[in-house]
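I opened my notebook to look up how the parts of this chain pack against one another. The entries below follow the order in which I checked things.

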Amino acid sequence: MITDAPAPLQRPQPQPYGTVYEQMLEKVRYEGAYPTRERADEAVRLVLAGLGRQVTGDERVDLAACLPLEAARVLTAQIPDARPMTGWAFVKDLAARSGASPATARWDTGSVLAAVDAHAGSDLITRILDRLPAGWALLFGRAELTRAV
């Protein structure tokens, strides 16, 4: 018997992420106490896109090389801003873009940048921090040291 019943809609299955990116998401999910992997992924994409607008030059290239492919694509898809933001301005910008509170944006930033630090290593993060305005060290979980003049 032939029926004209429509076939159920099938949603395309999301493409699986690479293992290294999955591990990064799990670290962010654990560090940020996110309820789902999808929420951790949203935070990663938001923060890395913002970071991609701030980091330039060799540091940008080196950071992309250290990150999982999926994360590097998000970072490098952004056009860097002409003037880097302070750490607090970065958090406020992320809050405005996401519609979240500044406290939530700060939480997301810290959770994601902890994972970025783990992938990039201390030397590269120090180089990046040397090129960014004040307030960024705290976002990476480091002490904000002032330079001697």
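I began with Leu48, which, leaving aside its neighbours within four places in sequence, is in contact with Met24, Leu67, Ala71, Val74, Leu75, Val112 and Val116; contact here means heavy atoms within 4.5 Å. I noted that this is a predicted model, in which local features need pLDDT of at least 70 and side-chain atom pairs count only at pLDDT 80 or more, while totals for chains, interfaces and linings use all residues. Residues are numbered from 1 along each chain as its sequence is written, and side-chain values use heavy atoms, with hydrogens and water left out.

Next I looked up the largest nonpolar core, which has 40 residues, and found Leu48 listed with Leu63, Leu67 and Val116 as those with the most contacts inside it. Such a core is a set of buried Ala, Val, Leu, Ile, Met, Phe, Trp, Tyr and Cys residues joined through side-chain atoms within 4.5 Å, and buried means under 20% relative accessible area, exposed over 50% and partly exposed in between, with a 1.4 Å probe and protein chains only. Among the helices that each supply at least two residues of this core are H1 (19–32), H2 (37–52) and H6 (102–120); helices are DSSP runs of H or I with at least four residues, numbered from the N terminus. The largest share of this core, eight residues, comes from H2.

**Helix H6**

I then checked the length of H6: its 19 residues should span 27 Å at 1.5 Å a residue, and its end C-alpha atoms are 26 Å apart, which agrees. The expected span is 1.5 Å times one less than the number of residues. The buried residues of H6 include Val112, Val116 and Asp117, and what covers the buried residues of this helix includes H1, H2, H3, H5, H7 and H8. Just after H6, I found Gly121 with a positive phi of about 90°.

Is Trp136 buried or exposed? I found that Trp136, placed in helix H8, is buried, with a relative accessible area of 1%. The C-alpha atoms of Trp136 and Gly87 are separated by 4.5 Å, although these residues are 49 residues apart along the chain.

I counted one aromatic pair, the rule being that rings of Phe, Tyr and Trp (its six-membered ring) pair if their centres lie within 6.5 Å, with planes under 30 degrees apart called stacked, over 60 edge-to-face and the rest tilted. The rings of Phe90 and Trp136 have centres 4.5 Å apart and planes at 45°, so the pair is tilted. Phe90 lies in helix H5 and Trp136 in helix H8, so this pair ties together parts that are 46 residues apart in sequence.

**Salt bridges**

My last entry concerns salt bridges (a side-chain nitrogen of Lys or Arg within 4 Å of a carboxyl oxygen of Asp or Glu), of which the count is eleven. Glu22 forms one with Arg37, the closest N and O atoms being 1.9 Å apart, and this pair links H1 with H2. Another joins the side chains of Glu59 and Arg127 at 3.5 Å, N to O; Glu59 lies in helix H3 and Arg127 in helix H7, so the pair ties together parts that are 68 residues apart in sequence. Glu59 counts as buried at 9% relative accessibility, whereas Arg127 counts as partly exposed at 33%.
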